[in-house]
Amino acid sequence: MSISPVLADYLSQQHVHYEVLEHPLTNNSMASAREANIPADKLAKAVIVKRGDSYAMCVIPASNQLILEWLTYGRQHSYEIAEEYELFNLFPSCENGAIPGLGEAFHMDVIIDNSLMDKKDIYIEGGNHTHLVHINHYDFDRLMMNAWPAPISCYKGSECSGGQYLWAPPEGG
């Protein structure tokens with residue numbers, strides 16, 4: 001298996017030039033970045049959240065952790081992280097834990113950590129544990145055009161999870 005067929009079709013439909021990087025088998029995004037020899041802050045990791053019966057994809061750097069309190073504050077809705085068993089039906093062409101960070105390919109709303117918007121190159125999981133997809137900044141920005149950017153994560157291990165949220169959503173949004 002190279003990359004998820006759903007992901008490959010979506011990238012083709014969007015006329016995105018991409019590169020597939022193969023790496024040894026890994027079990028998380030930090031290990032994938034390490035094995036592929038790329039900076040973890042350039043690997044866009046998907047974290048699926050839910051509010052009631054609806055799901056959304058949060059896209060954050062692999063080096064970061066999602067801060068649910070910040071997401072709740074910014075979106076004015078309460079969210080929880082989706083359970084692993086819920087993801088099988090949402091991402092049938094992907095291996096568990098290897099969801100590509102392009103929610104629109106899977107018909108999901110996307111909330112992207114704004115720190116990813118200034119990266120020259122972005123990598124995403126390919127839908128399995130042995131491939132990453134490299135996308136240039138221009139194409140990634142275009143693919144994220146409908147995403148909601150916000151500061152929703154912080155570096156793993158830092159003491160930001162209880163800190164004050166210093167951002168307010170725009171009027172009416």
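Here are some worked exercises on the predicted model above.

A word on the ground rules: residues are numbered from 1 along each chain as its sequence is written, and side-chain values use heavy atoms, with hydrogens and water left out. Since the model is predicted, local features need pLDDT of at least 70 and side-chain atom pairs count only at pLDDT 80 or more, while totals for chains, interfaces and linings use all residues.

**Exercise 1. Sketch the overall make-up of the protein.**

Step 1: Count the elements: there are 5 helices and 10 strands. These are DSSP runs (H or I, at least four residues, for helices; E, at least two, for strands), numbered from the N terminus.
Step 2: Check burial: 50% of the 173 residues count as buried. The cut-offs are under 20% relative accessible area for buried, over 50% for exposed, and partly exposed in between (1.4 Å probe, protein chains only).
Step 3: Take contacts between residues at least 6 apart in sequence; 70% of them join residues at least 24 apart.

**Exercise 2. Work out which strands pair with β2, and whether β2 is buried or exposed.**

Step 1: Pairing here takes at least two bridges found by DSSP between two strands. β3 (residues 54-61) runs antiparallel to β2 and is joined to it by 8 bridges, with Lys45 standing opposite Ile60.
Step 2: Follow the turn. The β2-β3 hairpin has 2 residues between the strands, and Gly52 takes a positive phi near 65 degrees there.
Step 3: Finish with β7 (residues 121-125), parallel to β2 over 2 bridges, where Ala44 stands opposite Ile124.
Step 4: As for burial, 8 of the 9 residues of β2 are buried, so the strand is largely enclosed by the rest of the structure.

**Exercise 3. Trace the pairing onward from β3.**

Step 1: β3 pairs with β6 in the parallel sense over 4 bridges, and Cys58 has Ile111 as its bridge partner in β6.
Step 2: β6 (residues 109-113) in turn pairs with β9 (residues 148-150), again parallel, over 3 bridges. Here Ile112 is partnered by Pro149.
Step 3: β6 is mostly covered, with 4 of its 5 residues buried.

**Exercise 4. Describe the largest pocket and the largest cavity.**

Step 1: On a 1 Å grid over the protein atoms alone, a cavity is a set of points where a 1.4 Å probe fits but cannot get out; a pocket is an open set with protein on both sides within 12 Å along at least five of seven lines, and lining residues have an atom within 4 Å of a point. Points are joined across faces, edges and corners, and a volume is the space filled by probe spheres set on the points.
Step 2: The largest pocket has a volume of about 420 Å³. It is lined by 18 residues, and the closest to its centre are Lys45, Ala46, Val47, Glu84 and Gly97.
Step 3: α2 (29-36), β2 (43-51) and α4 (84-90) each give two or more residues to this lining, with β2 giving the most, 4 residues.
Step 4: The count is 1 cavity of 30 Å³ or more. The largest cavity holds about 60 Å³ of space, and Leu87, Phe88, Phe91, Cys94, Glu95, Asn96, Gly97 and Ile99 line it.

Definitions and conventions: Contact = heavy atoms within 4.5 Å.
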